[in-house]
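Keep the sequence at hand.

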Amino acid sequence: MGESIGILSIKGGVGKTTATAALGSALAQMGKSVLLVDANFSAPNLALHLGIVNPPYSMSEVLQSKANALGAIMETDYGFDMIPGRLGLKNASYPDYSGLKEKMQHLKYHYDLILIDSSPKLDHETLAAMMASDKLLIVTTPDHVTLSCTLHAVKVAKQKKIPIAGIILNKVYNKKFELGIEQIERLTGVPVLAVIPHDADVMKALSEFKPSTYKTRESDAVVEYKKLAAFLIGLNYDDKRFISKLKGMFTKVLPKQEVNRQTAR
């Protein structure tokens, strides 16, 4: 039986859906059967990230019993399968979100990993995605506004007794005005498992409707996603880039997120 991982952020614009697609592609490249589910019913974007505008079926139809979950699955060109959301739903068409957990339980018999892309606000959609997840990855950026939302998300997850695997710290510029890993961990009580630098290649991949980890150059952001993906399945990712080997010759101090991954592993 597989595992469901909720990708959570209750603030828009932090790169949650981009992270979901990147992790899905990286995990698939590591030989895992992966399903991505768009549980953002009011503003779904996962399919759009992959260039799909009008899918035959969506998760909304599955929850309304208008489609079978297995029948709603779409294959992609990136190694993973997907149940998309549907753009332009009218309020009357919103499904009963409480059925999401039951559908995920059934689908876990067919996949090693299910990544659930949640709504970017704390509502019934997000709570349903949280309850359908075996554990959570929370996406945040290194600023006070986003961190305040992250603290709220962490608080709710702990109240619901849903394990939080860790934090993905996204869109990092490595500037002094940004919050540091230690500050974020101290305030949230959750380890940072990945630090994704701001990378134009990630935006380029988005413009090409593909995950940033699929057949692109091994940038720092791509390698960090692949390291996180490897961690999630109990492996180590070997960064074979010359620049990384060179850095390793001159410093033995591991980045904090790498220490966290090794400790958790």
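**From the sheet outwards**

Strands S2 and S5 run parallel and are joined by five bridges. Strands here are DSSP E runs of at least two residues, helices are DSSP H or I runs of at least four, and both are numbered from the N terminus. Two strands count as paired if DSSP finds at least two bridges between them. This is a predicted model, in which local features need pLDDT of at least 70 and side-chain atom pairs count only at pLDDT 80 or more, while totals for chains, interfaces and linings use all residues. Residues are numbered from 1 along each chain as its sequence is written, and side-chain values use heavy atoms, with hydrogens and water left out.

In S5, Leu35 faces Ile114. In S4, Leu35 faces Asp81. Strand S2 (residues 34–38) and strand S4 (residues 81–83) are parallel, with three bridges between them. On to S1: five bridges tie S1 to S5, again in the parallel sense. There, Ile5 has Leu115 of S5 as its bridge partner.

Strand S5 (residues 113–117) is mostly covered, with five of its five residues buried. Buried means under 20% relative accessible area, exposed means over 50%, and partly exposed lies in between, using a 1.4 Å probe and protein chains only. Leu113, Leu115 and Asp117 point one way from S5. Ile114 and Ile116 point the other way.

Now step back to the whole sheet. Eight strands form an open sheet with mixed pairing, in the order S3-S4-S2-S5-S1-S6-S7-S8. Strand S3 (74–75) and S8 each have a single partner strand, so one side of each has no neighbour in the sheet. What holds such strands together? Strands of a sheet pair through backbone hydrogen bonds, either parallel or antiparallel.

Follow the order towards S8. Strand S6 (residues 135–140) pairs with S7 in the parallel sense over five bridges. The chain gets from S6 to S7 through helix H6 (residues 144–159), and this β-α-β crossover is right-handed. Right-handed here means that, with the strands pointing away from the viewer, the path from the first strand over the helix to the second runs clockwise. S7 is joined in turn to strand S8 (residues 192–197) by four bridges, and these two are parallel as well. S7, helix H7 (residues 181–188) and S8 make a right-handed β-α-β unit.

Contact means heavy atoms within 4.5 Å. Leaving aside neighbours within four places in sequence, Gly166 is in contact with Leu136, Leu137, Ile138, Val190, Pro191 and Leu193. Gly166 and Leu137 are 29 residues apart in sequence, yet 5.4 Å apart in space, C-alpha to C-alpha.

Lys135 lies in S6. Is Lys135 buried or exposed? Lys135 is buried, with a relative accessible area of 19%. Not counting residues up to four places away in sequence, Lys135 touches Glu3, Ser4, Ile5, Gly6, Pro163 and Ala165.

Turn to the helices. H9 lies across strand S1 (3–8), S6, S7 and S8, and runs at about 160° to S8. Axes are lines fitted to C-alpha atoms, for helices over the stretch in contact, and angles run from 0 to 180 degrees between N-to-C directions. Helix H1 (residues 16–29) packs on helix H9 (residues 220–232) at an angle of about 65°, with axes 9 Å apart. From H1, the contact is made by Thr18, Ala19, Ala22, Leu23, Ala26, Leu27 and Gln29. From H9, Tyr225, Lys226, Leu228 and Ala229 take part.

Finish with the backbone. Most residues other than glycine have a negative phi, and most peptide bonds are trans. Asn174 has a positive phi, near 60°. Asn174 sits in the loop between S7 and H7 and is exposed, with a relative accessible area of 66%. Phe209 also has a positive phi, of about 60°. Phe209 lies in the loop between helix H8 (200–207) and H9 and is partly exposed, at 40% relative accessible area.
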